[in-house]
Structures are given as C-alpha cells and as structure tokens.
Amino acid sequence: AEEAKRRARLVSLDAPWNEVREAVVDACGLQVQQSTSHCFQDFNHVDCCTMDSTRQHETNEASRVAGMHAVNYLGSHIVDASISERGPGGSWCTCQISSPEDVCHRQFGARTAFKLVWCRGTGFAALLDDYANVLSHGKPTSARGEPPAMGGARAREQSWRVLDESKNASWASRWRAACDEVQYGSKAEAAEAEEHDEL
C-alpha cells in the first residue's frame, strides 16, 4: 500500500483524462490492459486495493458485501494484472459500493491504498488514502466527452453519492472535509481526525 500511495502522490490530475487514468492504474500496481480497462473508469471501480498474497483468492461468500455478487471471484484477474515487480501480494480496482464496508476492507481484509474521488460529483478529482489524506488532486481534461469514459457526469455524481450517503457518518465527513480542503481551502475538524470508526 505504501508504494501505491507514493506513486499516487506523483500523479498529476491536471492532464488529459486518458493519461490520468493510465497513470492511476499504474500507481495502483496494475498493468494497463483489457482486464483493467474498467478501472477508475466508472462510478464504482475507484478503490486501489493492495492485498496480501494469502488473500488474493478470497471471495464474497464469507464477507457478503452488500450490493456485490455473492461470489465476486477476482483472484485470477489480480494475479494476471498485478505488476509483480511491485512486490508480493497484488492489486485490484475494487468496487466502492457500501464504503467503507466494501470489497477491499471486507472481502480482501485490506485498507485501500487510495481512492479516486470525484469531489461532490464535479470534474474536480482527488486521490485520497484510507484516512482521507489527500495524495493528489486536480481537474482532468478530455477532448471526447466528460470523464470518466463510462458515464461521464452521471458517473461522477453517482460515485460521490456512494460516499456522501455512506452509513458510516464519520467516514463520510472525512471524505467531504478532504474535498472541501482541496476545492475551497477550508479544513473541517473531521479532516484532522487520525483514526476512523471501527469497521
């Protein structure tokens, strides 16, 4: 997770969306290929989840993340797409549905290295770690419609709604505070908390 976070800090979000997305995929420790073409490209697959090698083949059968397929087997995709030189374990762009009771935290027993957040559903994007610390932020551009490619403005609004309407008020407040800080320069008390509520 630390290597993914380090690389995320180097990603410039003030660039053409296709370049931004590929840089984010790479920062997550994933190869840019067919199996990762949906990563960070819709409202849902926006969590960079780096997991221990013993958890790569976990399914949703035990974790039962709400809104997800009962099995949600991703193991073979993780092994195939992860950049092996980044170390043991693997990565995947997991679904943020039900955050923070989501696939990364529950199915893979990990913390997100970072999350792509479309602040308040606008075109302003931020990469936040699992404590809502800002790693990078900016406003991607696109010559072909609004980013992300799979849904555009509607996807951004839906992506933000998942966070803004989270059942965990503590986490939701930190996501809002992080976006307020980078968009408007304000700092809410919630952004200064060092620990989240227990999952």
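Predicted model: local features only at pLDDT ≥ 70, side-chain atom pairs only at ≥ 80, totals over all residues.

## The disulfides

A disulfide is a covalent bond between the sulfur atoms of two cysteines. How many disulfides does a search of the whole structure find? The search finds four. When the bonded cysteines are counted along the chain, the pairs follow the pattern 1-3, 2-5, 4-6, 7-8.

| Disulfide | S to S distance | Angle about the S-S bond | Handedness |
|---|---|---|---|
| Cysteine 39 and cysteine 93 | 2.0 Å | -55° | left-handed |
| Cysteine 49 and cysteine 104 | 2.3 Å | 85° | right-handed |
| Cysteine 119 and cysteine 179 | 2.1 Å | -75° | left-handed |

The link of cysteine 39 and cysteine 93 connects distant parts of the chain, 54 residues apart. Cysteine 39 is found in the loop between α2 (17-27) and β1 (47-51), whereas cysteine 93 belongs to strand β2 (residues 90-94). Cysteine 39 is buried, with a relative accessible area of 0%. Cysteine 93 is also buried, and its relative accessible area is 0%.

The disulfide of cysteine 49 and cysteine 104 joins a strand to a helix: cysteine 49 lies in strand β1 and cysteine 104 in helix α5 (residues 103-107), so this pair ties together parts that are 55 residues apart in sequence. Cysteine 49 is buried at a relative accessible area of 0%. Cysteine 104 likewise counts as buried, with 0% relative accessibility.

In the disulfide of cysteine 119 and cysteine 179, cysteine 119 occupies the loop between β3 (112-118) and β4 (125-128), and cysteine 179 is part of helix α7 (residues 169-184); the pair therefore ties together parts that are 60 residues apart in sequence. Cysteine 119 counts as buried at 0% relative accessibility. Cysteine 179, with a relative accessible area of 0%, is buried too.

## The nonpolar cores

In soluble globular proteins, nonpolar side chains tend to be buried together. The largest nonpolar core of this model has 37 residues. Which residues have the most contacts inside this core? They are Val24, Phe40, Trp92, Phe114, Leu116 and Leu127. At least two residues of the core are supplied by each of α1 (2-9), α2, β1, α4 (75-81), β2, α5, β3 and β4. Helix α2 provides the largest share, which is five residues. There is also a second, separate core of 14 residues, and among its members are Cys119, Ala126, Leu163 and Trp171.

## The cavity

The count of cavities of 30 Å³ or more comes to one. The largest cavity has a volume of about 40 Å³. Its lining consists of Asp47, Ser99, Asp102, His105, Thr112, Lys115, Asp129, Asp130, Trp171 and Trp175. The elements that give two or more residues to this lining are β3 and α7.

Serine 63 is placed in helix α3 (residues 60-63). Is serine 63 buried or exposed? With a relative accessibility of 9%, serine 63 counts as buried. The side chain of serine 63 makes a polar contact of 2.8 Å with the side chain of asparagine 60. When residues up to four places away in sequence are not counted, serine 63 touches Arg106 and Gln107. The C-alpha atoms of serine 63 and isoleucine 97 are separated by 13 Å, and these two residues are 34 residues apart along the chain.

Definitions and conventions:
Residues numbered from 1 in each chain as written. Heavy atoms only, no water. Helix = DSSP H or I, 4+ residues; strand = E, 2+ residues; numbered from the N terminus. Buried < 20%, exposed > 50% of the residue type's maximum accessible area, 1.4 Å probe, protein only. Contact = heavy atoms within 4.5 Å. Polar contact = N/O pair within 3.5 Å; in protein donor to acceptor, adjacent residues only side chain to side chain. Disulfide = S-S within 2.5 Å. Core = buried A, V, L, I, M, F, W, Y, C linked by side-chain atoms within 4.5 Å. 1 Å grid on protein atoms, 1.4 Å probe; cavity = no way out; pocket = protein on both sides within 12 Å on 5 of 7 lines; lining within 4 Å. Points joined across faces, edges and corners; volume = space filled by probe spheres on them.
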